[in-house]
Amino acid sequence: MPPEYPEPLSIEHDHPSRELDAGTLRYVIQHVVDAEGTSLTHLSLVLTDHDTVRRLNQSYLDHDYDTDVLSFSLRSTSAPFHVGDEAAE
C-alpha cells in the first residue's frame, strides 16, 4: 500500500530572487493532471537556485553540472513510469 501524504501537491519556494505565484502554479499542474486523465498521489515541487540544484546533482547523482529539473521517484520499484501505464498503478 502506498504511503499516505497530507496533500497531493506541495510547493516550496526557496529561490533567493525569483517569485512565482503558487496559486497559478497549482492551477497549471492540476490542469495538466486533469488533461492527462490521471491524478496525483504526491508531487513535491521545490523552486530553487542553480547553486542548490548543482549541489543536489553532486550529492544524489554524482553530476557536477546544473540541470533545469531534478526528479526523484518515491516508488518502491525502479521501473520507469509513463502516464497511462496501467501496470505502474
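What pattern does the protein follow when it is read along the sequence? In this predicted model, the order of elements along the chain is β-α-β-α, made up of two strands and two helices.

**Overall burial, surface and contacts**
- The protein has 89 residues, of which 11% count as buried.
- Among the contacts in the protein with a separation of 6 or more, 46% are accounted for by residues 24 or more positions apart.

**Helix α1: extent and end**
- Helix α1 runs over residues 22–35 and has 14 residues, and from its first C-alpha to its last it reaches 20 Å, which is close to the 20 Å expected at 1.5 Å a residue.
- Gly37 follows α1 and has a positive phi, near 70°.

- Leu25, Ile29 and Val33 are the buried residues of α1; they lie on the same side of the helix because they cover an arc of only 70° around its axis.
- The buried residues of α1 pack against both strands, β1 (9–13) and β2 (43–47).
- On the face of α1 that is turned away from its buried side, the exposed residues are Tyr27 and Ala35.

Note on methods. Residues numbered from 1 in each chain as written. Predicted model: local features only at pLDDT ≥ 70, side-chain atom pairs only at ≥ 80, totals over all residues. Heavy atoms only, no water. Helix = DSSP H or I, 4+ residues; strand = E, 2+ residues; numbered from the N terminus. Buried < 20%, exposed > 50% of the residue type's maximum accessible area, 1.4 Å probe, protein only. Contact = heavy atoms within 4.5 Å. Expected span 1.5 Å × (residues − 1). Arc of directions from axis to C-beta.
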